[in-house]
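Hi,

Here is the structure I promised to send over. Have a look at it first, and then read my notes below.

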Amino acid sequence: MNTFDVAVVGAGMVGAALALALAREGFDVAVIEPRAPKPWSTQDEVDLRVVALAPSSVELLGRLDVWNEIAAARASAYRRMRVWDALAPGELQFDAADEGRAALGWIVENRLIQSVLWQALQREARITLHFPAKVAATDATDDRRTLKLDDDSAIAARLVVAADGAASALRDLLGIVARDREYGQRAIVAHVATERAHESTAWQRFLPGATLALLPLADGRCSIVWSAPDAEAARLLALDDDAFRAELGAAFDFRLGRITATTPRASFPLRMQLAERYLAPRFALIGDAAHAVHPLAGQGVNLGLRDVEELCAVLVEARGARRDFAAVSVLRRYERRRHSDNTLSAHAFDAIQRVFGSEAIPVAALCGAGLSLVDKVAPLKRAFARHAAGR
């Protein structure tokens with residue numbers, strides 16, 4: 001049986017980034033993944049699923065030597081952000097220039113990031129890929145955890161990390177409970193063309209019971225994420241393109257003029273999910289396997305990549321001190337820091353969604369006043385900007 005320092009189950013953005021980060025630090029890493037991502041091409045239509053990468057995430061990808069390839073392919077920097085409420089005056093604006101930065105973040109297709117990371121995994125000498133493969137069973141001894149794969153082969157590692165998503169099968173095998181909160185909403189995604197340029201700005205408007213974001217794409221279009229109650233989402237999805245463009249323009253207050261074109265729409269259900277704990281013997285959770293949050297702040301992937309940075313730092317420090325890097329006493333530091341930050345962030349996004357999505361006029365008035373207050377109080381505004389940037 002092959003024995004590795006670390007086995008990472010799941011090669012999505014977060015799992016692949018962790019495997020690369022550890023391999024670059026001299027760990028021997030196994031990666032188990034049920035399917036390889038489809039190769040990305042500039043000839044492909046822009047992926048409907050995009051992420052807003054914070055500067056901290058881009059810095060991590062830069063250290064992994066993959067960011068330049070991603071940025072050169074198709075990434076869109078956004079330099080400003082504008083947030084406002086439909087029911088009350090007041091607006092919050094952020095500008096990268098105020099923070100002395102070139103950009104607040106970058107809008108990038110999920111599939112592009114996954115494709116570039118997968119290619120980097122294949123080139124890395126310290127990484128052994130097992131695909132297509134799934135974990136069928138697992139057990140631990142004092143010094144290692146064994147993974148039995150669905151082809152009846154097995155590997156062992158001093159530490160196993162589950163990065164296999166919100167529906168993590170490995171998390172369930174370990175008996176770790178994840179608490180769910182269904183929002184009763186769906187996020188509608190599409191790419192749209194607008195009458196006026198997007199101004200390299202990320203736009204977000206709070207609507208009664210809903211949230212609408214328009215994110216700038218490299219080709220001049222905008223990616224929309226329209227979170228609405230299930231019944232309203234079903235109605236919007238059923239509209240023909242002309243009717244949908246008209247309703248979208250009105251919902252966005254025509255800030256960029258008319259919506260002139262749209263791609264076919266897709267949608268996915270929204271929920272908050274938090275694992276009660278991140279650790280088991282010789283085992284840790286990262287990314288969506290540990291936490292799934294409301295997309296209104298675009299922070300889901302960024303939280304996962306912060307997990308990567310913290311876990312990697314903990315393992316490297318312990319190994320440098322000649323300690324057992326997979327001991328629970330070592331991994332507790334990772335769990336304390338990331339469980340706290342992820343839980344606070346998830347509940348903060350949940351509270352924002354509840355309060356700003358309220359249809360009550362008095363609540364909306366307070367929200368509008370709150371946006372104006374934050375926009376005028378420089379230290380408070382700066383604190384929000386630094387948190388969003390991963391600082």
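Two strands count as paired here if DSSP finds at least two bridges between them. Keep in mind that this is a predicted model.

On one side, S10 (residues 145–149) runs antiparallel to S11, joined by 4 bridges, and Lys148 stands opposite Ala154 in S11. S10 and S11 make a hairpin with 4 residues between them, and Asp152 in that turn has a positive phi of about 75°.

S11 has parallel partners too. Strand S1 (residues 2–9) is joined to S11 by 7 bridges, with Val6 opposite Leu159. Strand S19 (residues 283–285) runs parallel to S11 with 3 bridges, and there Val160 faces Phe283. S11 is mostly covered, with 7 of its 9 residues buried.

Next, helix H4 (residues 110–123). Its 14 residues reach 21 Å from first C-alpha to last, close to the 20 Å expected. Because 10 of those 14 residues are buried, H4 is largely enclosed by the rest of the structure. Among the buried ones are Arg111, Trp118 and Leu121. The buried residues of H4 pack against several elements, including helix H1 (13–24), helix H2 (55–63) and strand S7 (105–109).

Leaving out residues up to four places away in sequence, Arg171 touches Gln273, Leu285 and Asp288, among others.

Cheers

Key
Residues are numbered from 1 along each chain as its sequence is written. This is a predicted model: local features need pLDDT of at least 70, side-chain atom pairs count only at pLDDT 80 or more; totals for chains, interfaces and linings use all residues. Side-chain values use heavy atoms; hydrogens and water are left out. Contact means heavy atoms within 4.5 Å. Helices (H or I, at least four residues) and strands (E, at least two) are DSSP runs, numbered from the N terminus. The expected span of a helix is 1.5 Å times one less than its number of residues. Buried means under 20% relative accessible area, exposed over 50%, partly exposed in between (1.4 Å probe, protein chains only).
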